[in-house]
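Hi,

Here is the structure I promised to pass on. Have a look at it first, and then read my notes below.

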Amino acid sequence: MTESTKPIASRRRILQGGAAMGALSFAPGLMAQNAPVRIGYSMSRTGPWTGGAQVSQEPNFLLWAEQQNAAGGLDVKGTKRRIELISSDDRSDVETVVRTYEKLMGSDKVDLVLPPWGSNANFAVAPLANRFGYPFLAPTALSRRLVEMKLPYFFLLLQQPKSMCDALVDMFKANGVRSVACIYVDDLFGLENYAAFKVALQGTGINLVEDKSYPGGVKDLSPVLRSIKDKNPDAFVGFTYPPDTILASRQSKEIGFNPKIFYASVGTAFPLYKNVMTPAGAEGVMGMGSWNAKTSPGAKAYFDAHVASQKKEPDRWASGACWAGLEILTAAVKQVGLDRKAIRDFVAGTTHKTIIGDVKFQGSENVGTPGTVSQWQNGEFEVVWPAARATAKLNANKPAWK
Amino acid sequence: MNDRQLLTRDLLVLFGLTGWGLSLPYLGSEFMVSMGLTCLMYVALSSSWGLFCGSTRYLSLATSAFFGIGAYTCAMQLEQLGWVATIALGAAVAAGVAIVMGAAVLHLRGTYFAVLTFGMTELIRHAVTYYEKSVTGTVGRVLAVVPERDTIYLTVLLLAVLTVGLSMWVRRTRLGLALMGIGADEQRAQTLGVNTRWVKLAGFAMTAAVAGAVGAAMSVRWTYIDPHTVFNPFIGFQTVLIALIGGAMTLWGPLIAAIVFSLLAETLRLQAPQVYMMSLGLLLILCVLYLPGGLASLRWDTWKLWRDDTRAWWKEKKREWTGEKAREKKRSREQRLV
Amino acid sequence: MTLGAWLELIGSGLITGGVYALVALGMNLQYGLMRILNIAHGEFLMVGAYLTWMAHTSLGLNPLLMIPVAFAVLGVAGMAIHFLCFRRLVSTSPNLDIFEARGLMVAFGLMFLVQNMVSWIWGGDLRGYDFMTDPVQVGGAPVAGNKLVVFVLALLFSLGLLALLRATLLGKGVRALMQSPVGAQLVGIDTKRLHPFMFGIGLGLSGVAGCLLSMAYTISPSMGEPYTVTALIVITLGGFGSMGGALLGGLLLGVVEAIGMHYTNPSLKALLSYIVFISVLLLRPEGLFTRKTRKA
């Protein structure tokens, strides 16, 4: 038996070898054309960061890859190559984020990377970006300290606390606000914004009648809101996260607290706010937002594509910044190819035209997009400040809660 | 195997694993080093947890508290002191807090103790948040100047080896025997002259010191730490889970379980992340119900035992369903009445 | 502060406290009767909330209708879980301490299992819906309609459970079991049937609490843990195993939190709750409202 199988096996071997050699001679040509651009990232699909990540960031990545591939691929200096997304769940855990990016950049050596969600995760990957030399354009990182770290490969797209609070206070001044009350969440976001807010208020004559901090996930804000209501300020400012934004809104309605200006930060830009509060209930509420479908024709195209492809609306703040970052990346790759240092220089040195307007970087910070304020009007989150960017007129008298 | 042979076997295994661990940064890829780091972290944490809580049966959920304390110490002192001094300081501060905490709570047992340690962890977290916010005006801390990745890896490897070595050594001393005695029957141990108070404090402080050192070492990887991340109760939960599934009372159990779970976590994370957590929970339930000693107590006999158990159960069920059991009962009742 | 403002403050504290009491009652029943500290309790609350949300948004059902449904579904689930997970522990644990420790660990495992199962099925996004959020005037103070419903129902269920325990034969059997398991069995009370049944009722109550809470708050897979912790604090204040204590403890905690938040800020409130919790556990482990009959 063994004698008869041996010759057959060796014949098969020769045939296989010949076929392989033949294929290999063709392959390099084929491979060079079809070699996909490998882009890696980790995103929160489980855990506390999921809500934000799945509204503002991951849908944009998926939409972008889909759009580019439908047009034949990403334009790399003239050659179109398919995008291959290599992603995994980071379980809202910083250690997992670090590990994933070390793998992507160090072992897998992907061509490009996209950033994770949230300030904590971005703090962890920013030094890695530098170590491995991969440019990061982060749309959901917010901290003066990230900017201060002066990492050349790390770019923050979102408006930082100082510019948002300056815009807010300018808006107050222009609308005759004399007194304001503020609540803020007990973490980096809340504290930095509160600090920037206080600095912005100095010298304006606006009186800060109450400022209270609260731990994230608080279940009842009505005692705080009641005491604020008693002081009757013209404006209410909340540096809050989505669950607290909704809680503060609901409880303000409950106790009948209706100041002329009601501003809550994160969460107002989410479609979730409109759904949970109902469009009538959300009317007049202001928050951190920087764009909507009326901002530019490109913005409308993006909005419609997002809804069609991802079956949900983008949010009116970070989603726009995220898409702008992707636009910048596309332009960079088209211009300079996949040389990461060259991409970095391109991003740092040019003024980019994106759906949210001009984006220009000074160090790590985006100084092209000014601080903005948006307001819910008739079921849409309109940009109402500054006037140059407004998509609708500001209503400085919030109607009663419905 | 007598004690000497056991010791030799244990030491050989430890040396083998250390050697393998040392080679990883040079031979393995970036990814493998990262995985190894997480794995070693949990080896250290769960082995030290098992050292105290496994033998004395005091379920402590305070690991996250000590981890966080170590991390904060590192964040505050890294620039002033050196790397080694900071780690040592982290361990010392954590041990100090453990002694204070232990003095207050170690006289309660069982669920009270577990709930209390959990409450203390949350208390420390909120206290740190409040203090940072009101006094220093920040919330988290940025670690801008950090040591090399290899340094971190070697430090954690050293900590893991030290912990396992400590575990081996303590078991053979009077302290170790006292700890096991407390676990078996605390009152009896007291009557036999064991100073339970000091023994428990010493054990608790050892656990805390390791957790503090590991916290100090790992915090530099995250660049930015805030109370929410480093005092995350999940760190404590996962430590307890791993130690229990591995076999808290054994020497190698926590280590085996830590390795198995790190690998499992990584594989499952890429396919189905929630499935990893669900399987963790399910595995724990199954372990507690059917394998209280943990994975390390799994022997060939255990399989045979389960097989025999299942067979007996099936036989019993068949008897019930065919009415055999009912008939037997009736017969024996008639016999008695007669 | 005016009297009206005081009343409003205490009122909102009572409402929050009512919910705390309802959640704590279920957990207390399980610990007091069966010495099972179910730290997965909050997860079942979350399941009740998700079921209600799903029924409301997909089928358009009124959340109030879901209350008995949530109770029934989680009650049955509770009985099944007790049968599958906890019954074996009774026969294999050599003493009470070990049984409690193992029960705690099984509950741990359940916590992981349930939380991630929900996250797997429904995703991790934040969800919510709008139901009866218009304010209703109660004695001059505006209260959201849904909060009022939550409070009234929470109070009803808690009092209902208390009545069940005091007045009915079943309740007497349960209390007898709590006092002395062996003695109760000698007198002929069927532990085998009663334990799963009461475990089911405990989980059913948490399901109802979840259903009620979903009306007023946003829901996410991780919403259960804070309620477990609060329930733990309430049971500690009220005394392990004391139903009336749990009710009073819950209401008291709610009021104290409200007043604390008013005079200081909410961050300090969290710190204070834990300090109170630890102090009570250390100084008076049998709770504030029980007589000194139980040893720590």
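Two strands count as paired if DSSP finds at least two bridges between them. With that in mind, strand 1 of chain A and strand 5 (residues 112–113) of chain A pair in the parallel sense, over two bridges. Keep in mind that this is a predicted model.

Staying with chain A, strand 1 also pairs with strand 4 (residues 83–89) of chain A, again in the parallel sense, over seven bridges. Gly40(A) is a handy spot to look at: its bridge partner in strand 4 of chain A is Ile86(A), and in strand 5 of chain A it stands opposite Val113(A). Strand 1 of chain A (residues 37–43) has six of its seven residues buried, so it is largely enclosed by the rest of the structure.

Next, the B/C interface. Here 35 residues of chain B are in contact with 34 residues of chain C. On the chain B side, helices 4, 5, 11 and 13 of chain B each give two or more residues, and the largest share, 15 residues, comes from helix 5 of chain B. By class, that side has 24 nonpolar, seven polar and four charged residues.

Last, a helix pair within chain C. The axes of helix 1 (residues 3–34) and helix 9 (residues 224–238) of chain C come within 8 Å and cross at roughly 70 degrees, which makes the two roughly perpendicular. Residues in the contact include Tyr20(C), Met27(C) and Tyr31(C) of helix 1 of chain C, and Tyr227(C) and Val234(C) of helix 9 of chain C. The residues of this contact divide into 10 nonpolar, two polar and no charged.

Cheers

Conventions. Residues are numbered from 1 along each chain as its sequence is written. Chains are lettered from A and ligands numbered from 1 in the order in which they are written. This is a predicted model: local features need pLDDT of at least 70, side-chain atom pairs count only at pLDDT 80 or more; totals for chains, interfaces and linings use all residues. Two residues are in contact if their C-beta atoms, placed from the backbone, lie within 7 Å. Helices (H or I, at least four residues) and strands (E, at least two) are DSSP runs, numbered from the N terminus. Ala, Val, Leu, Ile, Met, Phe, Trp, Tyr, Cys and Pro count as nonpolar, Asp, Glu, Lys and Arg as charged, and the others, Gly among them, as polar. A residue is buried if 20 or more other C-beta atoms lie within 10 Å of its own, exposed if 12 or fewer, and partly exposed in between; C-beta atoms are placed from the backbone. Axes are lines fitted to C-alpha atoms, for helices over the stretch in contact, and angles run from 0 to 180 degrees between N-to-C directions. Angles under 35 degrees count as roughly parallel, over 145 as roughly antiparallel, 65 to 115 as roughly perpendicular and the rest as oblique.
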